[in-house]
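Q: Can you walk me through this one? I'll ask as I go.

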Amino acid sequence: EERQSGYVFNERRVEQKVNAAGRVTGESVKVYEVYPGLPGEDRYRRLIEEDGRSTAPDRLAQQDTTRRKKAEEYARKQAVPSERQKDAREQDKARQEYSAAVEDIFRIYDIQMLRREPIEGIDTILATLTPKPGARPRTGDGKVMRHFKARAWISESDYELVRVEIEAIDNLSFGLGLLARVHKGTVATYQRRKVNGETWLPAEVTWTASGRVLLIRRLRLRGVSEFSNYRRYSVDTRTTFGAPR
C-alpha cells in the first residue's frame with residue numbers, strides 16, 4: 001500500500017461464493033480506478049464498471065462530488081494549525097505501529113532460506129516463515145501472525161518481495177468469535193511485478209476462505225484482485241477524472 005500510494009491504477013476485483021461441493025453460486029466483478037487517499041484515509045476507489053456494465057455517468061459524477069467534498073473539508077481543516085498538528089501526530093503514530101508490526105515478523109517467525117526458484121523469469125530465493133513456539137508478539141498484528149505460516153520468494157538481484165503465500169495453521173476468531181471465524185487452511189497469495197523497469201508494485205492478490213458470520217451462517221469465499229495501468233501521481237497535479245474505458 002505504501003508503494004501504491006504514489007500511483008493511480010486500475011483494480012479488477014472478482015469475488016465468488018462457493019458451495020460445499022466447490023461450485024460457484026454467486027460472483028461479483030468490479031473494476032475501480034484507484035487514486036491516493038487523503039492522509040489517514042483509505043484510497044479513493046472510483047467504481048467504473050460492475051459485472052461487465054460501465055458505471056452510469058450520473059453515478060460517476062455523484063462519486064466524484066462526494067470525493068471532492070471530502071477533499072475540500074480536509075483542506076479547510078489543514079488551514080487550522082491545531083488540526084495540522086493532530087494529523088501529523090496520527091500519521092506518526094501509524095508509522096510507529098507499522099514499524100512495530102514489521103519488527104514482530106522477526107520476533108515471531110523462524111525464517112529459513114531453502115533454494116533458488118524462477119518466477120516469471122525472475123531469479124528468486126524461496127524462504128519459509130514458521131511461527132516460533134512461545135513467540136511473544138508486541139502488537140495486535142503480531143498476535144494475528146502467530147496463526148499463519150508463509151512462503152516468500154525474494155528477487156535475488158534487488159532483494160524485493162516477488163510473491164508470498166500465506167496459510168492459516170489453525171482457526172482464528174474475530175470479535176470474540178461473534179463476528180467471524182477464519183478456519184484452518186484459509187489461503188492467500190500476493191504477487192508483485194516490476195513496473196517500468198524501476199519499481200516493484202502489487203500485481204495480484206488471491207484468497208480463499210471458509211468461516212462463519214455471527215456463528216450461524218457458513219461462508220465459503222474466494223477472490224482475486226488484479227492491479228494494472230499504473231500511472232505516477234503527484235499532489236501538485238490537478239486530477240481530471242476520465243470516462244471509464
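Q: Is Lys184 buried or exposed?
A: Lys184 is exposed, because its relative accessible area is 61%. Buried means under 20% relative accessible area, exposed over 50%, and partly exposed in between, with a 1.4 Å probe and protein chains only.

Q: Is this an experimental structure or a predicted model?
A: This is a predicted model, where local features need pLDDT of at least 70, side-chain atom pairs count only at pLDDT 80 or more, and totals for chains, interfaces and linings use all residues. Residues are numbered from 1 along each chain as its sequence is written, and side-chain values use heavy atoms, with hydrogens and water left out.

Q: Where is Lys184 found?
A: Lys184 is in the loop between strand E10 (180–182) and strand E11 (187–195). Helices (H or I, at least four residues) and strands (E, at least two) are DSSP runs, numbered from the N terminus.

Q: And what does Lys184 touch?
A: Leaving out residues up to four places away in sequence, Lys184 touches Ala168, Ile169, Asp170 and Asn171. Contact means heavy atoms within 4.5 Å.

Q: OK, whole chain now. How many helices and strands?
A: The chain has 3 helices and 13 strands. Of its 245 residues, 32% are buried.

Q: Which residues have the most contacts inside the largest nonpolar core?
A: They are Ile108, Tyr109, Leu129, Met145 and Phe148, in a core of 13 residues. Helix H2 (81–108), strand E7 (148–155) and strand E8 (161–168) each supply at least two residues of this core. The largest share, 3 residues, comes from E7. A nonpolar core is a set of buried Ala, Val, Leu, Ile, Met, Phe, Trp, Tyr and Cys residues joined through side-chain atoms within 4.5 Å.

Q: Why would such side chains be buried together?
A: In soluble globular proteins, nonpolar side chains tend to be buried together.

Q: What does Ile108 touch?
A: Not counting residues up to four places away in sequence, Ile108 touches Thr130, Pro131, Lys132, Ala135, Pro137, Gly142, Met145 and Arg146.

Q: Switching to rings. How many aromatic pairs are there?
A: The count is 4 aromatic pairs. Rings of Phe, Tyr and Trp (its six-membered ring) pair if their centres lie within 6.5 Å; planes under 30 degrees apart count as stacked, over 60 as edge-to-face and the rest as tilted. One of the pairs, Phe9 with Phe227, is edge-to-face, at 5.9 Å centre to centre and 70° between the planes.

Q: Where do Phe9 and Phe227 sit in the chain?
A: Phe9 is in strand E1 (residues 7–18) and Phe227 in strand E13 (residues 217–232), 218 residues apart. Both Phe9 and Phe227 are buried.

Q: What kind of pair do Phe9 and Tyr230 form?
A: Phe9 and Tyr230 form a tilted pair, 5.2 Å centre to centre with 40° between the planes. Phe9 lies in strand E1 and Tyr230 in strand E13, so this pair ties together parts that are 221 residues apart in sequence.

Q: Which residues do ring pairs link into a cluster?
A: The cluster consists of Tyr7, Phe9, Phe227 and Tyr230.

Q: Last topic. How do the residues lining the second largest pocket divide?
A: The lining divides into 2 nonpolar, 2 polar and 8 charged residues. Ala, Val, Leu, Ile, Met, Phe, Trp, Tyr, Cys and Pro count as nonpolar, Asp, Glu, Lys and Arg as charged, and the others, Gly among them, as polar. A pocket is an open set of points on a 1 Å grid over the protein atoms alone, where a 1.4 Å probe fits, with protein on both sides within 12 Å along at least five of seven lines; lining residues have an atom within 4 Å of a point.
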